[in-house]
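Trainee: Could you walk me through this structure, slowly please, as I am new to this?
Mentor: Gladly, let us look at it together.

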Amino acid sequence: MSLHVITANRLHDGVSVWFAGARGWAEHVDAAATYDDAALETALAAAQPADVAAHVVDVRAVPVTREGAHLVPVAHREQIRARGPSVRADLPAGPWRDGAAPLPPLPSASSTSPHAGIYRYDEYDRDFLRQRAREFGDQVARRRVGALSEDEFKPLRLMNGVYLQLHAYMLRIAIPYGVLSATQLRQFAYVARHFDRGYGHFTTRQNIQFNWLRLEDVPAALAVLAEADLHGIQTSGNCIRNVTTDEYAGAAADEIIDPRLYAEIMRQWSTDHPEFTYLPRKFKIAITGAAHDRAAVRVHDIGIEAHRNAAGEPVFRIFAGGGLGRTPYVAIKLRDEVPVAELLRYNEAILRTYNALGRRDNLFKSRIKILIREMKPEAFIQMVEDEYAALPPDYCVLTPDLVEEVAARFVVPEFPRQDTGALAKALAGDADFAAWVERNTNPHRAPGYISVAISLKPAGGIPGDASADEMDAVADLADQYSLGEIRVSHVQNLVLPHVAKDDLYALYQGLKRAGLATANLGLVSDLISCPGMDYCALASARSIPVGQRLAERFAGREREIGTLHVNISGCINACGHHHVGHIGLLGADKNGEEVYQITLGGAADEKAAIGSIVGPAVSTEKVPDAIEAIVNAYIARREPGERFIDTYRRLGAAPFKEAFNAAR
Amino acid sequence: MPLVNTKGELIAETTIPALRVAPDAKPDAVAAQLGAYALVEIEFPKFRDGRGFTLARTLRERYGYAGDLRAVGHFLPDQFRALIGCGFTSFLTPPEHDAAQYAAALRPGRQPGQLLRRSLNRAREAQLEQQAAA
């Protein structure tokens, strides 16, 4: 006979609660009432009185075992819900915030980072965000009195970046095209400190997530962020999501066109678009303007490469139907040279076709990539072209005036500093510094400057996590050394884009003092990881601990191994981009045990490829051995200067499969 | 059921014949019948199904339909401005949300609408001026 408790999440703060019969809902599983199979149905009915929808959501029974005085859920996921994230023993589940504490003044009240390359808001833009924050406050209030059902409220909260996760609500804030000012980063630190438990998580889509929000605090947090021109609009839901781009945009030496201008125009175009806000499924757009694709445009719903035509004018190569998730695809190309004036119109034609025909009967087949394959690419392209040809000629034209109007809102930085040789001297005198420069910098288009990547993957850390103090430290260093500007990369690191070479050594020392000078960019421990089952309600397995095991295993030899991208997802939704990791890990649950399927040969750049499965899934304990065997097979076979992915492409999967099979 | 106009005001039920259109209707098939109707009703089976937005715009812009375009079925007050933006002119409000909620949705400072709207409108005006001058 099995034993059950009844659990739910509290509507107003998202905390996991446990039904204690006549005593209502308890905050700890040990206080729950237990029911055998026979009593369960009656108890479930009792747990759901008529007005319960206003107080708790997602009421359900979960099996437990009794261990002494404790009740322990059987499912791994429910154990984590009851306790808190396994990777943060310092943060137990349950209510944690005193909502009454007075708040200090906002960082945005005393600084605007005047030189940072963000889009400069005017009062119209700012009013827009304030209105949206108020609108969401209104929606929360209507939900709490039952004027909106949970079913109706859910898409509305998602469109404001609010998810209900295992322990609380999660708030996802967009970082448009990955560009932040120091003031904005301080505003994030403020939200982390006062509305969350002191940290945030940078994601693979140039967003930041706060894990511990109370629903009743979200409108206030959004209002705080709005004061720094930040928002969570369309960071979730079945709408056009945050437009992403190259984290070195406007700084990279290999850039052809600065994509930020067009990303901003597309952000404004897609924000509250009347027609495309209730799509069959989420819709992601990425744009790059460099020879080397750092924005992974070929694995997006729409991918855009800005380049120049024969006349030297900017034009766009348009791809569609790429994506990861359950059915990964590399995008198909629709057109090579869409002119600037037609960019939004062409996007509209694609979205209109998708909105009308994309499947709504099956969640797993609802992305545009499936529509394109079901229709056949040729038929899809023809349909888009017909739709495009039928658009009224004056509709949604990106006129030179409009482009100029948006361009004028970006500060054009000056790069007057010259390289006077200080860097060369410092490199010669400090081997650790030299190693860090070799891994963590990128060439800048101005000769006296360099871009710096700040790794958020320290040994034993959580990929992409940054504490409020770390955010403040980076903001200060950005003010001092990078025109007050910070970028967020899709590999979950931060970038200081415009650092004078002469200042690089001083910056490095500042980063070292803040514990942010990990020299591992592109190495094994610079792995991409989704939050996994430690936080996420969708996950099937944890991602962070297995990444930590790998980082630990390779700590001594990752420089010898060289560039190797390891990407980890805790479920098939692939937020950790496992398909496009040189080595990918996909977590799954096999009879209550966490197992990981390993893929090899994926890539997200202009040679985009979906990795191939190397063999059966292996247990958490076996993952480091299996990966080590694969890496050893590479080391034994590589030619001088050859990266893992290049050796894999040259030799194919066979030697790696053999090594894997011997180790598993 | 209460019928409202684009200001959220209650209006009288109409008795003119309506062409009822399912969200998966083929626009060209609908277009062939448009001439015979001064009222087209587009169904929203549930508010998350956004096909009606595209269908409305297609009938208005591609096929030049100028009559009354009515939303029927399940849609939210929170979608009111977007529905208007796609060309709907009347709304048969669902039982879950009374007509007053739709009027309230249009209060100043509620649903701000497409962010690029301001610039696009300016661009369109400039373009029209240019065409007039030429």
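Mentor: Before we start, two strands count as paired if DSSP finds at least two bridges between them, and strands (E, at least two residues) and helices (H or I, at least four) are DSSP runs, numbered from the N terminus. This is a predicted model, in which local features need pLDDT of at least 70 and side-chain atom pairs count only at pLDDT 80 or more, while totals for chains, interfaces and linings use all residues. Residues are numbered from 1 along each chain as its sequence is written, and chains are lettered from A and ligands numbered from 1 in the order in which they are written.

Trainee: Changing topic, which strands make up the open sheet of five in chain A?
Mentor: The order is β9-β20-β21-β18-β17 (chain A), with antiparallel pairing. β9 (179–181) and β17 (441–443) of chain A stand at the edges with a single partner strand each, so one side of each is left without a neighbour in the sheet.

Trainee: How many bridges join β17(A) to β18 of chain A?
Mentor: Three bridges join them, and in one of the facing pairs A:Thr441 stands opposite A:Val452.

Trainee: What do the buried residues of helix α13 of chain A pack against?
Mentor: They pack against α12 (422–429), β17, β18 and α15 (504–513) of chain A, where two residues are in contact if their C-beta atoms, placed from the backbone, lie within 7 Å. The buried residues in α13 (residues 431–440) of chain A are A:Phe433, A:Trp436, A:Val437, A:Arg439 and A:Asn440.

Trainee: Now chain B, how many residues does each chain give to the contact?
Mentor: Chain A gives 34 residues and chain B gives 30. On the side of chain A, α3 (123–144), α4 (150–158), α7, α8 (343–357) and α11 (400–407) each supply at least two residues, and the largest share, seven residues, comes from α3(A).

Trainee: And what order do the six strands take in the open sheet of chain B?
Mentor: They run in the order β2-β1-β6-β5-β4-β3 (chain B), and the pairing is mixed. The edge strands, which pair on one side only, are β2 (10–11) and β3 (19–21) of chain B.

Trainee: Which residue of β2(B) is the bridge partner of B:Val4?
Mentor: The partner is B:Leu10, and strand β1 (residues 3–5) of chain B pairs with β2(B) in the antiparallel sense over two bridges.

How values were computed: Buried ≥ 20, exposed ≤ 12 C-beta atoms within 10 Å, placed from the backbone.
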